[in-house]
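Hi everyone, thanks for making time. I'd like to walk you through one part of a structure, so let's get it up on the screen.

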Amino acid sequence: MAYGPRLASAGTATPDPPPPPPPPPESAMAAPTETESSDGTAAAPIQEQQSDSYKLRFCTVCASNQNRSMEAHLRLSTAPSPFPVISFGTGSLVRLPGPSITQPNVYNFNTTSYSQMYEELFSKDERLYRNNGLLNMLERNRNLKWGPERFQDWVPGMPRVDHVSKGDKGALGTEGGVVDVIITCEERCWDAVVDDLMNKGSLLNRPVHVFNVDIKDNHEEALVGGKAILELANRLNEAAVQERKANNPEGWENGTGEARRSFDEKVPEILAAWQEKWPNLPALWTLAWL
Amino acid sequence: MAQSTGNLVDQIAQLNAARTLVLGDSAFYPQIVNGVLPIIGARSRLELRRWGAEFLAETFSSPALAPAQKEQLAATALQTLRETLELPEKDTVTLKHIVEAAASLYPLVFRHIINHPEDSTVWENMTAIKDDILRRWDTSPFSVKVCCIKFVQRVVQVQTHGLTDPRRPEQNETSLAIVPRNHSLLSLPYLEAEASGLLDRLLSVFQEDASDPLLVNATLNSLAILIRTRQSIGNKIINAILSFVPARQARTPVTPAVRVGVKSMERTARALMINIMKRNPSHPLASKMQQHIERLMQSRIETVDDSSKKRGLPIEPTDGLDNSKRAKLDAESPPLIKVSPLPPGPVSYSQLYTLTDDTGLSSFDVKQLPVDLLVKIVVPVLARVDQSVLQQAVDGVRMRYQTLQKQQAAQPPPATGEEEDDDYEPEYQPMDVAEPAAEQEDALSAEPVDLQPDLVSLGPFVLPQPPPLSENEAAEIGRSAVGRVFDMLASSGVAPNTGKGKGQQHLGFSRLAGSTFDRDAWVTLLTRLATRAPAGLEVDNKKNDQDPSSKRSTISDSIRETLYRYILEDFRGRVNVGIMWLNEEWYNDRIQMKFTASQRAEEDEESSVPLHYDQWSLRLLDGFLPYLDSRDTKIFIRFLSEIPEVTIPITKRVASLAKDPERVNLCIQSLLYLIMFRPPAREMCLNAVEDVYQTYEESRPAAGKVLARWRPQSTAVQQAQPEQQSTLVSRTVESENNTPVANGA
């Protein structure tokens, strides 16, 4: 309900029946694919944009891959300069509130789409699920991707090309199935993610920053949290872009001292500065391996 | 310039298209990798090198590409990576990806070399890359350093011994364990030593004073797999982590960034230890890790973390999405237990209670399994029985049962005779059996006869009285019972003295007699059985028939007799039994006298109490005196000092010891002890000593001293004093003549 207006804007940006990849103008910069080879003459500006358009790849995680992670997914993938993003849940099942506290609606991860859930709840009790915001939430989610995915079932490095063709928001750039940053929305999920990455055995030998931004599980807090996560993402990305520029031999003189410090090194400071601004969203971080 | 940049953009676009192709179908990898390698080599532009390094890192780590194919591609890729690295490469992004790729390549190449020792150039390239990376480890920017940590972790993992399964050599993980001893390129001792050194270097991050949280976290997160798969180094790693205290890294000033760092190290260390303990709850270091986790939490709260103060109590979730709440609610979500209806017709108990549809499972006889195994299975299973599932199962059985009840109530009971009574065996039916159970049995039994209602309402059954025992039989049974208790004594009393001492020390005054079930307890039981149990019975006996001792063999006397023999069997070891017994006898005598006295006052008539103490103490003394020798002083003194009463007959018996010149000292010392420490018996003992002094020449020196000290007025001593010198001489002469006489007397 509260996000009604924003939902509408998200809706307009992406028509609901997801057709083959709709390349909006800005995504051409985000991921230089075939579109770019066609206009190879615009050399200089593109090169500048290319380094500028470097994007960290994100992964948002909450318990059910419904509310908090999807709000953040929406924010990151529809930002003015959108990020590649995928999202997961760490729970054993997708759980949504039901008619009473003892009758939750329970679904399986990976095999149930947001649309199915929407249809089911719609037919069960439209008024109830409209009023408690579930239908609106599912509406938003089904415009973002097909269905909730379970983090523990994710195989990092497994190509996700099909998600691009399915039109998942934020899928561009995540074809390789890897991310640079994971953001969970609850300490329990952070624990589950770090633990699961250890169990997976870090086969890719690829570092990944794992953050937790503690967001209470309700629609209002999810909105605030999504905004905060986007800001954290922007700050992190800025540092990453700076690193790539500073170490570019052509930009040798561009940065000195502080600017030349690597992105990874700056992460604790970035998070600390961000935390000052968002003291009500206690954060946590570690560097793990995919 | 414009040309070249345009060209570059073209190239990147083409490369991206190629990447999209292989991501879509991994079959194109060999073709694409070989095509791409020349473009991204050491002499290409930065953008291309970056792209290429990242692409190679992605390729060799991709789960979509089979290891065998990666192995084939490795050789050429290694050459390119080495050239780029030795450029020397300065771009951190490129370097980072090269190290990532190297970490993925190392196990692949290692395995390849194990099987192809002839490919020495491949191994040479790999080794060169490894050495280059190790050289850069300390000096690189953090982004690269982090990847070096991971690379080293991989090298350690490969160059230590892993688990192998000889049945499936193809499946074995790459480790030292699969390297042949005589490999021409891979020298086991060298590789192992190198790994050990690298591990130390890896773990040194925990010992340094000022480690960067980034490096600590990168290390911690990479160690889980080493601990899990490499037994030989697991404990070393865990101990290194246990010695690491993140809070110590907090340097002043404690900036927010430092706080983030400390908290992250603490939480990552905790996550790692929890991960280890979850995998192996019985890990030998589990308790230490648990303690360390708690200590970490504590120190963090104390030192740097004040964020916990910032946040108030968690607010109740508004929509019940919180998992901790949900866990209890999802009674609906798991599929219900399927309780299939019972087949029509008569059913057995096992059918009633069988909930599974699996025929194999329901026909399995659990009795085939040994009990201890069953216990191992059942106890943990019971511990984690799901309440709701159990409830459902019970409900299911109840439903079946009620359905059966209804069916049977609907059927009129067929009339049948009682001739099949025998099956029923009502004698052994406990009379207070629960009514439903009887019903159940009726309702469920396939025998229609059991539905007969009057069978259910059988009256109470009383066992017939056994035939009365004759007195002899009773006595016989009593004796055998006593005999069995003595058997218990024999079996439980292996180390009586030490056992007793300890027991007493532990229990002290609060001890209850016979509560410890050791030998002492049984002795207490027996002595009281002999003394107290029949008290009062004998009085009647004696009164009624004062006549001959035909009736004397009461149960208590037979116990006394057995106790007496038991003690004599090993007087030295069982002296405490004797003391205990005699104390009981004495005590019982007193009680009996007191009781009889009070009775007599009312009835005003003569009565007597059979007293046992004097009789049995003398008998016991007589029993073992002949066996005492001069070394038994301590035991004998103990006996004399601890029995409840010393009587004149007892002192006489003791004095008689002096007959034997060898035991004169024993005699005098025992009496001296009684004189010194048992004032009530002092006079009679002194009399005994005097008697001894006068009767036995040999006792004079010792007895004389005692008398001189305790009874200086004694005439015997005074006479003896002046002639002491001469007697000493004369006695030596006389002793030969005297001794046989003394013994004989």
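Let's begin with strand β6 of chain A, residues 207-213: seven of its seven residues are buried, so the strand is largely enclosed by the rest of the structure. Before I go on, please keep in mind that this is a predicted model.

Now, which residues sit on which side of β6(A)? On one face you have Pro207(A), His209(A), Phe211(A) and Val213(A), and on the other Val208(A), Val210(A) and Asn212(A). Every one of those is buried, so both faces are covered. If you wonder why the numbers skip like that, it's because side chains in a regular strand alternate between the two faces of the sheet.

Okay, who are the neighbours? Strands of a sheet pair through backbone hydrogen bonds, and they can do that parallel or antiparallel. We get both here. β6(A) pairs with strand β5 of chain A, residues 181-184, in the parallel sense over four bridges. If you want to find one, look at Ile182(A), whose bridge partner in β6(A) is Val210(A). With strand β7 of chain A, residues 283-289, β6(A) runs antiparallel, and seven bridges join the two. Among the bridge partners there, Val213(A) goes with Ala283(A), and Val208(A) goes with Ala288(A).

Zooming out, these strands belong to an open sheet of five, in the order β2-β1-β5-β6-β7 of chain A, with mixed pairing. The edges are β2, residues 85-89, and β7 of chain A, since each pairs on one side only. From one strand to the next, the twist averages 20°.

And what packs on the sheet? Helix α10 of chain A, residues 219-246, does, touching β1, β5 and β6 of chain A, and its direction makes about 150° with that of β6(A). Helix α11 of chain A, residues 263-277, packs on the sheet as well, touching β6 and β7 of chain A, with its direction at about 160° to that of β7(A).

One more helix before I stop. β5(A), α9(A) and β6(A) together make a right-handed β-α-β unit. Helix α9 of chain A covers residues 187-200, and Arg188(A) is found in it. So is Arg188(A) buried, exposed or partly exposed? It has 18 C-beta neighbours inside 10 Å, so it counts as partly exposed.

Key
Residues are numbered from 1 along each chain as its sequence is written. Chains are lettered from A and ligands numbered from 1 in the order in which they are written. This is a predicted model: local features need pLDDT of at least 70, side-chain atom pairs count only at pLDDT 80 or more; totals for chains, interfaces and linings use all residues. A residue is buried if 20 or more other C-beta atoms lie within 10 Å of its own, exposed if 12 or fewer, and partly exposed in between; C-beta atoms are placed from the backbone. Two strands pair if DSSP finds at least two bridges between them. A crossover is right-handed if, with the strands pointing away from the viewer, the path from the first strand over the helix to the second runs clockwise. Axes are lines fitted to C-alpha atoms, for helices over the stretch in contact, and angles run from 0 to 180 degrees between N-to-C directions. Two residues are in contact if their C-beta atoms, placed from the backbone, lie within 7 Å.
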